[in-house]
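Hi everyone, thanks for coming. I'd like to walk you through one model today, and please stop me whenever you like.

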Amino acid sequence: MERHLQPDLPDVEVPERRKKRARAPYGLAAPALVWLFVLFVIPMIAMVSLSLQTGNSLEGFRQTFRFANYTDALSQNGDIILRSLRNAAIVTGVALLLAYPVAYWIAFYGGKFKNVFLFLLLLPFFISFVIRTVAWSFILSDNGIIFGTLKTLGVLPDSYRVLGTTFAVIAGITYNLLPFTILPLYVSLEQIDRRLVEAAKDLYASKRKAFTNVVLPLSMPGIFAAVLLTSIPAIGDYVNASVLGGPGTTMIGNVIQSEFLRDRNYPEATALAIVLMGIMLVGAIIYARLLGTERITEA
Amino acid sequence: MSAIATEPRQVELPAPVARGPRRRWTRFLLPTYVIAFILYLSFPILVIIAFSFNQTRGGFGTSPRVKTTWIGFTTDWYGRLFDLPDLTAAIRHSLTVGVLSALAATALGTLLGLALARYRFRGRAGADFVIFLSISAPEIVLGAALASFFVALGVSRGASTLFLSHTLFSIAFVAVTVRARAAGLDRSLEAAAMDLGANPVTAFFKVTLPLLFPGILAGFLLAFALSMDDFVISQFTQGPFTMFPTWVFGATRVGIPPHVFVFATIIFLTGATLAMVQALVSRHRT
């Protein structure tokens, strides 16, 4: 149509220009995509390849396509995998319950101080999570500022301890992941049209009814995102179990880390990492199906 | 915009059902909880700052370890900040890798974000998917994959593998940040510059780049913060080139020297200040 309007435009210029424009996005995206391909896609393939090899760290590893590496890794670590899944489920549930009221209050009643509250919530996360976890090990230690004081006051028996227990591990992971729970919740609650809540109240819904029938369903995309963003890092965590846990609180991340970095049993470590990735992918897909796909696109 | 959004809430409607005095104290329940929650989140930080001023008993010849109880106030550790050469080296490593990888990730991620915000091209869906995967892949899986790759290549792990890996996990975050900023940008400004005789490169540097600046700065700071905070991927890709978080993790077995808490306090205060400045800059620019 353009050509009819401008008959004197030289024919060659149009495709030439188009070609130039068509090349622009590739030039812009190429360096980053090459980096992502070489250091993300290829390493994933290298990991899959390594997980099927046999050998040891002294004599080297050979590709033998030994799928039994997976069944071996699973049968040796079944209870640890289950424990990791259970811990992650508890962490996700507790973090949701703790974070939802906070996100709700800031989104609905934060007023012009919303950003200040968000800043205060994110402030602690300027310190590396390893050091925050170390700080918790100080706080929770047997004779530390809380339990030491309570013991000298005679409130708690001397044998009472939290450090080294599953409780400490779960509490530590929850603490470290709370920002990943609270931010998506806040974003979805903040987007809710306040007039809908008022309409519900005008129609004689009680405060509670307005919440359960209007606010809660509308914040589902946020809950969905919060559950994924909390549970995925929770399953693979090993820092909390190392710093706050004891001998009986090992998680699957600890096994992968020590098999890979200490024992150099690469096939078993990588097989476990791939199993972990698979569990998360399958879990995310089932979860998405249960909630309905339109929810994900919204999120 | 926030003024419009907050308006409807300010119109207090009379409650349809009158409630007794019970409402009076329940009104304070949620705000109190929010404050308690913020205190809970900040509690370890307060402990770190406080314990950076704690004396240690004994162990003067050997390196001192922070005690879990309060012994007495001292500012000694601030004066003896660089006493531990290993720790100082680890801090230097973290800062170097942090700055270099954030610069690289900002350069690469900005261009990628721009391409994704502005063009529909073949392979775009694939690029989106890889970005999504690299953000959502669990750290331990990413760390194990990178380490496998370096093992398969026979590359010894150290500063360069750390740089490559840290840049990798930051690219996607920068791209997403810049893309959000670029999507809200008025493209006619760039077209106007070109109509006024600027070639595309000049238009990009004189018009597009300054307008994108808050997004790029946010992306850079995010990349730097991610790199400084990272533990898992560092542990898998560092080899003998110890970073600050991995050094601290290693020290948990023998006891934490107070210098760690001093460094943590300084990093925290710097980070918090930078974030506040960044927030003010982006508010000013928009």
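Let's begin with a helix pair: in chain A, helix α8 (residues 194-202) packs against helix α9 (residues 207-218) at an angle of about 145°, and their axes are 10 Å apart. The axes here are lines fitted to C-alpha atoms, for helices over the stretch in contact, and angles run from 0 to 180 degrees between N-to-C directions. Helices (H or I, at least four residues) and strands (E, at least two) are DSSP runs, numbered from the N terminus. The crossing of α8(A) and α9(A) is right-handed; a crossing is left-handed if the near helix is turned anticlockwise from the far one by less than a right angle, and right-handed if clockwise.

Which residues of the two helices meet? On the α8(A) side they are A:L196, A:V197, A:A200 and A:K201, and on the α9(A) side A:A210, A:N213, A:V214 and A:V215. The residues of this contact divide into six nonpolar, one polar and one charged. For those classes, Ala, Val, Leu, Ile, Met, Phe, Trp, Tyr, Cys and Pro count as nonpolar, Asp, Glu, Lys and Arg as charged, and the others, Gly among them, as polar. Contact means that the C-beta atoms of two residues, placed from the backbone, lie within 7 Å.

A word on the ground rules. This is a predicted model, in which local features need pLDDT of at least 70 and side-chain atom pairs count only at pLDDT 80 or more, while totals for chains, interfaces and linings use all residues. Residues are numbered from 1 along each chain as its sequence is written, and chains are lettered from A and ligands numbered from 1 in the order in which they are written.

Back to our helix pair: the loop between α8 and α9 of chain A holds A:Y204. A:Y204 is not a glycine, yet has a positive phi of about 65°. Is A:Y204 buried or exposed? A:Y204 counts as exposed, because there are 10 C-beta neighbours inside 10 Å. The cut-offs are these: a residue is buried if 20 or more other C-beta atoms lie within 10 Å of its own, exposed if 12 or fewer, and partly exposed in between, with C-beta atoms placed from the backbone.

A:R264 also deserves a look, in the loop between α12 (252-262) and α13 (266-291) of chain A. A:R264 has a positive phi of about 50° and is not a glycine either. With 13 C-beta neighbours inside 10 Å, A:R264 counts as partly exposed.

Along the principal axes, the C-alpha atoms of chain A fill a box of roughly 95 × 75 × 35 Å. Of the 299 residues, 40% count as buried.

How is chain A divided? The domain assignment gives domain 1 (2-51) and domain 2 (71-298); such bounds come from an automatic or database domain assignment. The C-alpha centres of the two domains of chain A lie 39 Å apart. Four residues of domain 1 are in contact with six residues of domain 2, and the domain 1 side divides into three nonpolar, one polar and no charged.

On to the partner. How many residues does each chain give to the contact between the chains? Chain A gives 68 residues and chain B gives 68 residues. Helix α2 (residues 13-51) gives the most to the chain A side, with 19 residues. That side divides into 54 nonpolar, nine polar and five charged.

Chain B comes to 13 helices and zero strands, and buried residues make up 40% of its 286 residues.

Let me finish with two residues there. B:I135 lies in helix α6 (residues 124-136) of chain B and, leaving aside neighbours within four places in sequence, is in contact with B:A172 and B:F173.
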